[in-house]
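Here's a quick briefing to read with the model open in your viewer. Have a look at the chain first, then go through the points by topic.

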Amino acid sequence: MHRVMSVAQAVDLIQDGDCICLNSFVGIESPVALHEGIYEKYHKTKSPSNLTMVSSAGFGVWDEDRCAEGYIREGAVSKLICGHFGAMPCTKRLVQENHFEAYNLPLGCISHAIRAQSSGLPGALSKVGLGIFVDPRHQGPGINSISKSKDLVKLIELEGEEFLYYQLPKLNVALIKGTVADKKGNISFDDQFMSGDALSVCQAVKANHGTVIVQVDRLVATPSRPRNTIIPGSLVDAIVVVEPEERPVSFRALTGGFEIPYSEWKGWKTMIDEVSNTHAKTNPAFRVIGKRAAKELREDDLVNIGIGIPENVADYARKSGILQNITMTVESGGIGGLPVSGKVFGAMIGASSVYDMANQFDLYDSGSLDICFMGGFEVDRHGNVNAHQSPVNFSGIGGFANITAKTPNVVFCLTFNTKGLLVSRQNNAVTIQENGTIPKFVEQVSSISFNGKRAIENGQRVLYVTERCVFELGENGLKLVEVYPGIDVQKDILELLPFAVEYPAKISERRKKK
């Protein structure tokens, strides 16, 4: 039976050694008051301690002094299992400094492992992750030198096929952010940008005889329509009412509270970008990449577009008119609208539907997308891509591995090199004014997020679109298949590659004839 209580009372339900599961997504939908309540108690009493935190997609708010950052920094957490760390800047540093165990698993695989626990199963089978860093035959999921657990990911064979088996520790506390609780304790998510895996998280925790704590904005006397209830009151132990923080007016477009026609998408996105610290990608190299990559779109495509350089694809899809004839998706569960980025990544403008995140990853893992556009830090001769960690940046794999594992057409959008790259374009001709000092095409990637060999075995078509040329993945590795007007194939491409690539003679002239 649920009880309405204060933040402090709810935090007292959390014990030393608990395994807490969060339903947040990168920087959105965190129960901030509950996290900060944990910090206040831990700061005074050093309890709850020795916590294990599990999150499919991260649980920060892009501020190292807010949400969970405080109690993580002071030592309350001993183990962190997470798909993405981007919105937790302090935690990322602590992970890399070996302050506690930390593991990075594909977002969708964590989501499905949570769902498995909700039905009383210990873990979930998947082909996602085979041949990449998380595979025990490669690096495994441990991020730092003290993270050596072999229990989270295991290689198994079933009826002659290889799978990875993802098994989380038993989840016994859920921290959830909802909008409204009715008198029966039913929770709806009317003003949230997504509901993520809220139901699966609660079911898993109750299957393990644990405690479900939900932070809501308000209580209502009248029960919600049954179909609008995401978490039934019978699964809820504690409800904490916290007045919501004021949000920019433009964020109303992300809750699905009113219809937003296609003609208004650009205007709403511009307003949201202005308040979420998302600046337009004006880099000429990014625009060249976005324009070329967008040519791979076809009407009626079901699409996922990653953050960073790939976001330029959506801009050119809008300019060409095809954007209104494709269906976009975002990992958090949105489908049929325009994904936004920055601090509210995971939300969508004008979504047709927002369903459970685990269901979205069913769609991705089955290969039901038509095409995806992803970024990357490094590419090697075999077509392997490192997209989750670099010497200067670590955010985690997120949904990248699930999305690229079986999508028939995978388009990587990245510059040829970085740090100092200067590019100009005039009359459709590209000029490399200055090359960057850090190459992106390397002899061997430092960590594998995407396995080129497996992509060939799966029959996927894989392109690598840069600001000067396009490579395609072939049986023997990368092939140079397109050189843009203005680019010298020898000086601007071949001499800068640390490996030989297959390419047709007079490739640039052939493109001009087209």
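By the rule used here, the count comes to 21 salt bridges, a salt bridge being a side-chain nitrogen of Lys or Arg within 4 Å of a carboxyl oxygen of Asp or Glu. Keep in mind that this is a predicted model, where local features need pLDDT of at least 70 and side-chain atom pairs count only at pLDDT 80 or more, while totals for chains, interfaces and linings use all residues. Residues are numbered from 1 along each chain as its sequence is written, and side-chain values use heavy atoms, with hydrogens and water left out.

A few terms before the details:

- Helices (H or I, at least four residues) and strands (E, at least two) are DSSP runs, numbered from the N terminus.
- Buried means under 20% relative accessible area, exposed means over 50%, and partly exposed is in between (1.4 Å probe, protein chains only).
- Two strands pair if DSSP finds at least two bridges between them.

- Side chains of opposite charge can pair when their charged atoms come close.
- Glutamate 162 and arginine 137 meet through their side chains in a salt bridge, at 2.9 Å from N to O. Glutamate 162 sits in strand β8 (residues 161-166) and arginine 137 in the loop between β6 (124-126) and β7 (153-158), so this pair links distant parts of the chain, 25 residues apart.
- Glutamate 162 is partly exposed at a relative accessible area of 32%, and arginine 137 is partly exposed too, at 47%.
- Lysine 177 and aspartate 217 make another salt bridge, at 2.8 Å from N to O. Lysine 177 is in strand β9 and aspartate 217 is in the loop between β12 (211-216) and β13 (218-219), so the pair ties together parts that are 40 residues apart in sequence.
- Are lysine 177 and aspartate 217 buried or exposed? Lysine 177 counts as buried, at 11% relative accessibility, and aspartate 217 is buried as well, at 12%.
- Aspartate 191 pairs with arginine 218, and their closest N and O atoms are 3.4 Å apart. This pair links distant parts of the chain, 27 residues apart: aspartate 191 is in the loop between β11 (187-188) and α6 (198-207), and arginine 218 is in strand β13.
- Aspartate 191 counts as partly exposed at 28% relative accessibility, and so does arginine 218 at 36%.
- There's also a network of salt bridges, linking Arg292, Glu296, Arg461, Glu472 and Glu482.

**Sheets and a hairpin**

- Strands of a sheet pair through backbone hydrogen bonds, either parallel or antiparallel.
- Eight strands make an open sheet with parallel pairing, in the order β1-β15-β12-β9-β2-β3-β4-β5. Its edge strands are β1 (3-4) and β5 (101-104), each pairing on one side only.
- Inside that order, strand β2 (residues 19-25) runs parallel to strand β9 (residues 173-177), with three bridges joining them. Isoleucine 20 has valine 173 in β9 as its bridge partner.
- Another open sheet has three strands with mixed pairing, ordered β24-β23-β30. β24 (385-386) and β30 (441-442) stand at the edges with a single partner strand each, so one side of each has no neighbour in the sheet.
- Strand β23 (residues 378-380) pairs with β24 in the antiparallel sense over two bridges, and valine 379 stands opposite valine 385 in β24.
- Strands β27 (residues 422-426) and β28 (residues 429-434) run antiparallel and are joined by five bridges. Valine 423 has isoleucine 432 in β28 as its bridge partner.
- β27 and β28 form a hairpin with two residues between them, and asparagine 427 in the turn has a positive phi of about 55 degrees.

**A buried helix residue**

- Alanine 455 is in helix α12 (residues 452-457), and at 1% relative accessibility alanine 455 counts as buried.
- The C-alpha atoms of alanine 455 and isoleucine 335 are separated by 25 Å, with the two residues 120 apart along the chain.
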